[in-house]
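Please keep the sequence and the 3D view at hand while reading.

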Amino acid sequence: GVWKMIGKLRKRLQGGHVLRYHTRPEISHGQTVADHTCRVLTIVTTLWPDISREAILYILYHDVAESELGDLPATTKWNYPKLAEAYKQAEMKYETLIDVPVMFKQLSGEEKNIVKMADMLELVLHCKRQLQMGNELAFEIYMNGVNYLKDNFANCDEYTPVKKILEELANAR
């Protein structure tokens, strides 16, 4: 009934309180998953305004499991693929437990690329702002994000607006 729905809602909302960059707090400046999600949604709906409802819902819920599991850094996922796979399985189990619509598999290949690019572009933009405020400690993570985008998406048609933004960021102070 209503209490079950309230419980699911509470757990879904909890994910927004998770602090990002917990292993690199010097660049976090208190950014939460809710802040990140809002910015990813803004990026997607600005650069790709025809994105599907399913992609938007996926973005809305893509980090909610972090309230249960924590925020596993991207570099950890890249360097330890078996751990990344186990973490993904745990995320899916938790998302199922709270009835989060897990739609990534339902997205087209193009939309999967867009979602991943927007997620990483948000990191790049966050770190660029840190650099502009004088926080040179954000440079390594900024470059990791830029290189990830270039290495993984440069040959995708959907990459064009991201490429333009990265070019502008390279020239911006």
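Is Trp78 buried, partly exposed or exposed? Trp78 counts as partly exposed, at 41% relative accessibility, where buried means under 20% relative accessible area, exposed means over 50%, and partly exposed lies in between (1.4 Å probe, protein chains only).

## Basis of the model

This is a predicted model, in which local features need pLDDT of at least 70 and side-chain atom pairs count only at pLDDT 80 or more, while totals for chains, interfaces and linings use all residues. Residues are numbered from 1 along each chain as its sequence is written, and side-chain values use heavy atoms, with hydrogens and water left out.

## Aromatic pairs

Rings of Phe, Tyr and Trp (its six-membered ring) pair if their centres lie within 6.5 Å, and planes under 30 degrees apart count as stacked, over 60 as edge-to-face and the rest as tilted. The count by this rule comes to two aromatic pairs. The rings of Trp78 and Tyr148 are stacked, because their centres are 5.2 Å apart and their planes stand at 5°. Since Trp78 belongs to helix α6 (residues 74-79) and Tyr148 to helix α9 (residues 139-153), this pair ties together parts that are 70 residues apart in sequence; helices here are DSSP runs (H or I, at least four residues), numbered from the N terminus.

Tyr148 is partly exposed, with a relative accessible area of 21%. The rings of Tyr148 and Phe153, with centres 6.1 Å apart and planes at 65°, form an edge-to-face pair, and Phe153 is buried at 4% relative accessible area.

Val2 lies in helix α1 (residues 2-14) and is partly exposed, with a relative accessible area of 47%.

Key: Helices (H or I, at least four residues) and strands (E, at least two) are DSSP runs, numbered from the N terminus.
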